[in-house]
Amino acid sequence: MPSEKEKMLAGESYLSNDKQLVQERLWAKKMLQQINAEYIVNGKTRGLFKQLLPNAHKRLYIEPPFHCDYGYNIHTGENVYFNLNCVVLDTMKITIGNNVFFGPGVHIYTASHPLDILERRTFEVSKPVTIGDDCWIGGNTVICPGVTIGDGCTIGAGSVVTKMIPPHSLAVGNPARVIRKLQ
């Protein structure tokens with residue numbers, strides 16, 4: 001029988017209050033508490049980020065404060081920048097390409113809940129998020145579970161991305177929609 005963590009990572013309904021998952025989130029919160037208390041990026045915080053985000057490229061820069069659920073589900077290419085106050089709910093794999101820049105207050109969600117009232121009292125579900133190379137995600141954007149943003153996209157500030165954005169697109173709004181192609 002699969003563990004709740006295995007179900008979470010497979011995109012199946014799982015119990016988020018499972019003992020192992022609670023312990024892993026608590027460990028991440030303790031790491032983030034140290035990082036966010038320091039509030040500047042220095043040797044200490046770089047070391048903590050390396051532990052928290054083992055699947056991130058070494059050329060990752062994050063402005064504290066930063067928040068995530070687990071850390072190990074965040075996979076980045078090189079030259080990725082998160083401005084301050086970003087939130088990444090990484091209950092499932094998040095893949096971020098090379099040369100991706102996030103404005104302040106960007107939220108990325110893989111966690112979701114069933115629509116059935118009784119089911120969501122107990123269970124949670126997750127869907128992966130993928131962001132291609134050379135993207136700019138404007139401040140206060142929300143990227144919803146299951147979304148793929150193609151290479152070379154710009155997402156306007158304050159957008160809510162609910163569905164796939166094709167490569168080399170400018171998308172804005174709530175819900176975000178493509179308003180033009182980019183060269």
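How many bridges join E5 to strand E8 (residues 107-109)? I looked this up and found three, with the two strands running parallel.

**Entry 1. Basis**

I am working with a predicted model, in which local features need pLDDT of at least 70 and side-chain atom pairs count only at pLDDT 80 or more, while totals for chains, interfaces and linings use all residues. Residues are numbered from 1 along each chain as its sequence is written, and side-chain values use heavy atoms, with hydrogens and water left out. For elements I use DSSP runs numbered from the N terminus: helices (H or I) of at least four residues and strands (E) of at least two. I take two strands as paired if DSSP finds at least two bridges between them.

**Entry 2. Strand pairing**

I followed strand E5 (residues 86-89) to E2, and these strands are also parallel, joined by three bridges. His67 has Val87 in E5 as its bridge partner. Towards E8, I noted that Leu89 stands opposite Tyr109.

I then traced an open sheet of four strands, in the order E3-E6-E11-E14 with parallel pairing. Strand E3 (74-76) and strand E14 (148-149) each have a single partner strand and stand at the edges, so one side of each lacks a neighbour in the sheet. Within this sheet, strand E6 (residues 94-96) and strand E11 (residues 129-131) run parallel and are joined by three bridges. Thr95 lies opposite Thr130 in E11.

I found antiparallel pairing between strand E17 (residues 169-172) and strand E18 (residues 177-181), over four bridges. Ser169 is placed opposite Lys181 in E18. The two strands form a hairpin with four residues between them, and Gly173 in the turn has a positive phi of about 100°.

**Entry 3. Helix H2**

I checked the span of H2: its 20 residues reach 29 Å from the first C-alpha to the last, close to the 28 Å expected at 1.5 Å a residue. The expected span is 1.5 Å times one less than the number of residues.

I next sorted its residues by relative accessible area, with buried meaning under 20%, exposed over 50% and partly exposed in between (1.4 Å probe, protein chains only). Leu21, Glu24, Ala28, Met31, Leu32, Ile35 and Asn36 are buried in H2. Seen down the helix axis, the buried residues fall within an arc of 130°, so they line one face of H2; the arc is that of the directions from the axis to the C-beta atoms. Lys19, Gln33 and Ala37 are exposed on the other side. The buried residues pack against helix H1 (4-10), helix H3 (43-52) and strand E2 (66-68), where contact means heavy atoms within 4.5 Å.

At the N-terminal end, Asp18 caps H2, with a side-chain oxygen 3.2 Å from the backbone nitrogen of Gln20. Just after H2, I noted a positive phi of about 65° at Tyr39.

**Entry 4. Nonpolar cores**

I looked for nonpolar cores, which are sets of buried Ala, Val, Leu, Ile, Met, Phe, Trp, Tyr and Cys residues joined through side-chain atoms within 4.5 Å. The largest has 39 residues, of which Phe66, Phe82, Phe102, Ile108, Ile131 and Ile149 touch the most other members. Helix H2 (residues 19-38) gives the most to this core, with four residues. A second, separate core of five residues includes Met8, Tyr14, Leu21 and Tyr72.

**Entry 5. Thr91 and Ser126**

I found Thr91 in the loop between E5 and E6, buried at a relative accessible area of 2%. Beyond four places in sequence, its contacts include Met8, Tyr14, Asp69, Asn73 and Ser126.

Ser126 is in strand E10 (residues 125-126) and counts as buried, at 3% relative accessibility. Its side chain makes a polar contact of 2.6 Å with the side chain of Thr91. Such a contact is a pair of N or O atoms within 3.5 Å; within protein, one must be able to donate a hydrogen and the other to accept it, and residues adjacent in sequence count only if both atoms are side-chain atoms. Among the other residues that Ser126 touches are Gly11, Met92 and Thr110.

**Entry 6. Ala157**

Is Ala157 buried or exposed? I recorded Ala157 as exposed, with a relative accessible area of 63%. Ala157 sits in the loop between strand E15 (154-155) and strand E16 (160-161). Apart from neighbours within four places in sequence, Ala157 is in contact with Gly138, Gly139 and Thr141.
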